[in-house]
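Dear colleague,

Please find below the sequence and structure that I am handing over to you. My findings follow directly after them.

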Amino acid sequence: MIKLFNAFMFKLTRDLTFRIMLIIGASLAVLTATIFFILDQTGASASMGFGQDFKVATGQSMLVFSMSPAQNFGIAIPINLAVFIVLEFTQGTIRNKVIVGNSKFKIYASTYLCGLVFAIAIMLVYVGVCFALGSLSGGFDANGMAFTSSGAGKVSPQFLFRLVIVTVMTYFTTVAFTTFVATLFRNVGPCIPLVVIPITMLAMLSLITTMTLAGVDTGVENNVFIENLANVSKFLNPLHAACGYEVNFLTDVPLNQAIHYVMSNDTFVAAIINNLIYTALFFTLGAFIFAKRDIK
């Protein structure tokens, strides 16, 4: 399998799609940082109600904002990964690997591992450039205010560390799911919606439940139901911790400093466990089906 992985990696480093994705990721990161910088320079960020010193172009803001696996650039990664894997079938690469005597399990495992490298490498470029430019523009304060897709609030070193860990874990699941779908259908047409729709819906579910519990009006009146839904989502939704941020409200501080993003111990542990379970489930199911089907 090492030879298969090395061969796959050799092809990946020379793949045009992969190179284009790296360029797009870096370019989008520069564009995002530029927009945030302009908001700060024009005073638009200060008018958001979080104080005159509030800036969106900071290291902590860019880090949190850019890491979402289902928003911004994150959703483009499973789409392009699905295309990349499907091309392995349509170009006959998978068939050639079988013909020369490689076991189907090893082929599937190497495909998953290379898909993981594909996803994490692209995300590292995007997040890394965003974080670097944000830090250069507005500095980095692990205990400062951060701008996110659900608003703004104070972060902490523990929250940022845990967010990075669970985000990486979601990519283990996302890649396993994408590999499963791509090797099952072997056609770009059905693969893209079957990959994008579940990821988007799970992310939206997490965001809605956490925003509602935080007191944000989303049009849902039954908060008891939302609380129960959030508890279920915490243990069953692999994107819950990475896309929906829990909030603590402090009562003894000014309003613009009262919102604190947190990630509780049970949410953190649940995110790690359920992502490992989903990864193992999709990998095992995908490898089993792949081994049973003929390669045309």
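**Aromatic pairs and clusters**

Phe 89 and Phe 290 are both buried, where buried means under 20% relative accessible area, exposed over 50% and partly exposed in between (1.4 Å probe, protein chains only). Please note that this is a predicted model, in which local features need pLDDT of at least 70 and side-chain atom pairs count only at pLDDT 80 or more, whereas totals for chains, interfaces and linings use all residues. Residues are numbered from 1 along each chain as its sequence is written, and side-chain values use heavy atoms, with hydrogens and water left out.

Rings of Phe, Tyr and Trp (its six-membered ring) are taken to pair if their centres lie within 6.5 Å; planes under 30 degrees apart count as stacked, over 60 as edge-to-face and the rest as tilted. This rule gives 18 aromatic pairs. In one of them, the ring centres of Phe 73 and Tyr 126 are 5.2 Å apart and the planes stand at 45°, so the pair is tilted. Phe 73 lies in the loop between α3 (59-66) and α4 (76-90), and Tyr 126 in helix α6 (residues 104-138), so this pair ties together parts that are 53 residues apart in sequence. Helices (H or I, at least four residues) and strands (E, at least two) are DSSP runs, numbered from the N terminus. Phe 73 is buried at 4% relative accessible area, and Tyr 126 is buried at 1%.

Phe 89 and Phe 290 form an edge-to-face pair, with 6.2 Å from centre to centre and 70° between the planes. Since Phe 89 belongs to helix α4 and Phe 290 to helix α11 (residues 265-292), the pair ties together parts that are 201 residues apart in sequence. Both residues belong to one aromatic cluster, formed by Phe 89, Phe 105, Tyr 108, Tyr 112, Phe 283 and Phe 290.

**Cavity and pocket**

On a 1 Å grid over the protein atoms alone, a cavity is a set of points where a 1.4 Å probe fits but cannot get out; a pocket is an open set with protein on both sides within 12 Å along at least five of seven lines, and lining residues have an atom within 4 Å of a point. Grid points are joined across faces, edges and corners, and a volume is the space filled by probe spheres set on the points.

The search of the whole structure finds 1 cavity of 30 Å³ or more. The largest cavity has a volume of about 30 Å³, and its lining consists of Ile 85, Phe 89, Ile 94, Tyr 108, Thr 111, Thr 183 and Phe 290. The elements giving two or more residues to this lining are α4 and α6.

The second largest pocket has a volume of about 210 Å³. Among its lining residues are Leu 63, Met 67, Ile 120, Met 123 and Tyr 171. Both α6 and α7 (157-185) supply at least two residues of this lining, and α6 gives the most, with 5 residues.

**Lysine and cysteines**

Lys 234 lies in helix α9 (residues 223-236) and is buried at 10% relative accessibility. Leaving aside neighbours within four places in sequence, Lys 234 is in contact (heavy atoms within 4.5 Å) with His 240, Glu 246, Asp 266, Thr 267, Ala 270 and Asn 274.

The structure holds 0 disulfides, a disulfide being a pair of cysteine sulfur atoms within 2.5 Å. Cys 191 is buried at 0% relative accessible area, and Cys 243 is buried at 5%.

With kind regards
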